[in-house]
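Here is a short briefing to read alongside the coordinates. Have the viewer open and follow the topics one by one.

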Amino acid sequence: MKLAIPILDEKTVCSHFGKTPFFMIFEVNENNEIIGSKQVGNSPCHGAAHEPEQGHGGQGPGSTVQTLLSEGVNAVVFVNMGQRSVNALASVVELYQTSLEDVDAVLKEVLSGNLTKLN
């Protein structure tokens with residue numbers, strides 16, 4: 001499984017999926033062990049609906065979703081996510097919502113099966 005978590009830095013979960021500057025993508029084996037990880041940049045939304053057209057260079061939920069799909073992600077943990085992103089991801093990846101802000105704590109919850117799948 002490839003699990004994506006929106007992050008502000010290596011230790012802190014970003015509270016808004018679409019505005020995260022980075023994703024941490026963890027590769028998890030069948031024994032629920034992390035066997036690899038990498039950080040991937042994101043082109044955050046920055047409220048694109050309220051700003052003038054900026055060439056749409058990475059703005060909006062489509063680019064964030066595409067970033068994850070191009071990485072082969074099949075699970076996403078988030079704190080808050082806009083409905084358009086939920087709709088775009090719900091049929092192609094597992095979605096898990098958390099209130100935790102610590103990346104290690106989120107990983108522990110996911111790997112122990114303590115987060116409920118939303119879809």
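**Briefing: strands, cores and a few polar side chains**

Gln83 counts as exposed because its relative accessibility is 54%, above the 50% cut-off for that label. Please keep in mind that this is a predicted model.

**Polar side chains**

- Gln83 belongs to helix α2, which covers residues 83-90.
- The Gln83 side chain forms a polar contact with the side chain of Asn87, at 2.8 Å.
- Asn29 sits in the loop that links β2 with β3 (34-41).
- With a relative accessibility of 16%, Asn29 counts as buried, since buried means under 20%.
- Thr98 is in the loop between β5 (94-97) and α3, and its 9% relative accessibility is why Thr98 counts as buried.
- A polar atom of the Thr98 side chain lies 3.0 Å from the backbone nitrogen of Leu100.
- Leaving aside residues up to four places away in sequence, Thr98 touches Val77, Phe78, Val79, Val106 and Leu115.

- Strands β1 and β4 run parallel and are joined by two bridges; Ala4 has Val76 as its bridge partner in β4.
- Strands β4 and β5 also run parallel, with four bridges between them; the bridge partner of Val77 in β5 is Tyr96.
- Between β4 and β5 the chain passes through α2, and this β-α-β crossover is right-handed.

**Nonpolar cores**

- The largest nonpolar core contains 15 residues, and Leu3, Ile5, Val77 and Val103 have the most contacts inside it.
- At least two residues of this core come from each of β1 (2-7), β2 (22-28), β4 (75-78) and α3 (103-111).
- Helix α3 supplies the largest share of this core, four residues.
- Another core, of 14 residues, lies apart from it and includes Val40, Leu68, Val73 and Leu95.
- Not counting residues up to four places away in sequence, Val77 touches Leu3, Ala4, Ile5, Pro6, Tyr96, Thr98, Val106, Val110 and Leu115.

How values were computed:
Residues are numbered from 1 along each chain as its sequence is written. This is a predicted model: local features need pLDDT of at least 70, side-chain atom pairs count only at pLDDT 80 or more; totals for chains, interfaces and linings use all residues. Side-chain values use heavy atoms; hydrogens and water are left out. A nonpolar core is a set of buried Ala, Val, Leu, Ile, Met, Phe, Trp, Tyr and Cys residues joined through side-chain atoms within 4.5 Å. Buried means under 20% relative accessible area, exposed over 50%, partly exposed in between (1.4 Å probe, protein chains only). Contact means heavy atoms within 4.5 Å. A polar contact is a pair of N or O atoms within 3.5 Å; within protein, one must be able to donate a hydrogen and the other to accept it, and residues adjacent in sequence count only if both atoms are side-chain atoms. Two strands pair if DSSP finds at least two bridges between them. A crossover is right-handed if, with the strands pointing away from the viewer, the path from the first strand over the helix to the second runs clockwise.
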